[in-house]
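Here is a friendly walk through the fold you are about to see. Keep the viewer open as you read, and follow along one element at a time.

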Amino acid sequence: MKNTLQKVLPLAYGAYFNSLSLISPDLAVQKAFRLYSSPRKGRVLPQQAKYLNEAKDKLVEIEGLHIQTYQWFGAKETVLLLHGWESNVFRWRNLIGILQEAGYRIIAFDAPGHGYSSGSMLHVPLYAQCLQHLIPLYDPSYIIGHSMGGMTALYHQYLEPKNRLEKIVALGAPSELTDIMKHYQNLLQFNNKVYNGLDAYFLRKFNFRFSDFSTSKFVKNNTKPGLLVHDREDTIAPFRASEKVHAHWKSSVLIPTRGLGHSLHQIEINRQIVDFLKR
């Protein structure tokens, strides 16, 4: 029953957007954007609460939202962690343990609409705004992002190239917004009128079209050393995304894996990350 609902519900949304676009195209686009930006999960689960509560730091107000930050103290440089879509800081628990062993100070935060942070929507420009506030506050040397978090880290570096970050790590991160939006269209089966309306909406709201947003383009002038880790069999974000980014990011290293999946929680990956930070 659950699998059937997961297949039927997206198509029902798509049919609704298609019908609404005949009457009110702008409203159809707004609703399609809101659905696209609304996480269905990622709030703190009971089994995650104790671990996160022990490390809570500040509640920082950003764009009218209350963003929950976390801190694990260490004598070495500061590492900032960015989780992905429908996740929260708990996803970093394995890497945090290894970073602690190595003596790093660790900062993390729940993205808007995730974990303990307020809000009900998230998109990369909003995530990048959070970084613009939190990087000056915590002054990290290194940033590590998973999936959407990795995409946001590279976008922020493009917007703020003169920041004091020394190294950037992106795990299983997508690259092309066009690919993401085409997948969204195929999943819901909404028509090109809605798709093109969304493209125009992004231009008005964020000052870029789908085709403009590409981390493989953003990194062309990125001089920071970077580490890209991506599984060849990733079913969430295709491996070719990191291949394209690596091809344009001269100071990056790409570690391809096979059979480790999208999450990349494994101890061998975490140790490679720490080795990269130490070099």
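At roughly what angle do the axes of helix α4 and helix α11 cross? In this predicted model, helix α4 (residues 93-101) and helix α11 (residues 267-278) cross at roughly 40 degrees, and their axes come within 10 Å. That angle makes α4 oblique to α11. The contact is made by Asn94, Leu95, Ile98, Leu99 and Glu101 on the α4 side, and by Ile267, Asn270, Arg271, Ile273, Val274 and Leu277 on the α11 side. The crossing of these two helices is right-handed.

While you are there, look at glycine 97, which lies in helix α4. Glycine 97 counts as partly exposed because its relative accessibility is 25%.

From α2, the contact uses Pro25, Val29, Gln30, Ala32, Phe33 and Tyr36, while α8 brings in Lys193, Val194, Gly197, Leu198, Tyr201, Phe202, Lys205 and Phe206.

Now to the sheet. Eight strands form an open sheet in the order β1-β2-β4-β3-β5-β6-β7-β8, with mixed pairing. Strands β1 and β8 stand at the edges with a single partner strand each, so one side of each is left without a neighbour in the sheet. From one strand to the next, the twist averages 20 degrees. Helix α11 returns here: it lies across β3 (78-82), β5 (142-146), β6, β7 and β8, and runs at about 165 degrees to β6.

| Strand pair | Sense | Bridges |
|---|---|---|
| β1 (residues 56-62) and β2 (residues 65-72) | antiparallel | five |
| β2 and β4 (residues 105-109) | antiparallel | four |
| β6 (residues 167-171) and β7 (residues 226-231) | parallel | four |
| β7 and β8 (residues 252-257) | parallel | six |

Take β2 to begin with. This strand is mostly covered, with seven of its eight residues buried. Towards β4, threonine 69 has phenylalanine 109 as its bridge partner, and tyrosine 70 stands opposite alanine 108. The hairpin of β1 and β2 has two residues between the strands, and there glutamate 63 takes a positive phi near 50 degrees.

How many of the six residues of β7 are buried? Six of six are buried, and the strand is mostly covered. In a regular strand the side chains alternate between the two faces of the sheet. In β7, Gly226, Leu228 and His230 point one way, Leu227, Val229 and Asp231 point the other way, and all are buried.

The neighbours of β7 can be traced residue by residue too. Valine 229 is the bridge partner of leucine 171, and glycine 226 stands opposite serine 252 in β8. Finally, β7, helix α10 (residues 239-248) and β8 make a right-handed β-α-β unit.

Conventions
Residues are numbered from 1 along each chain as its sequence is written. This is a predicted model: local features need pLDDT of at least 70, side-chain atom pairs count only at pLDDT 80 or more; totals for chains, interfaces and linings use all residues. Side-chain values use heavy atoms; hydrogens and water are left out. Buried means under 20% relative accessible area, exposed over 50%, partly exposed in between (1.4 Å probe, protein chains only). Two strands pair if DSSP finds at least two bridges between them. A crossover is right-handed if, with the strands pointing away from the viewer, the path from the first strand over the helix to the second runs clockwise. Axes are lines fitted to C-alpha atoms, for helices over the stretch in contact, and angles run from 0 to 180 degrees between N-to-C directions. Angles under 35 degrees count as roughly parallel, over 145 as roughly antiparallel, 65 to 115 as roughly perpendicular and the rest as oblique. A crossing is left-handed if the near helix is turned anticlockwise from the far one by less than a right angle, and right-handed if clockwise. Contact means heavy atoms within 4.5 Å.
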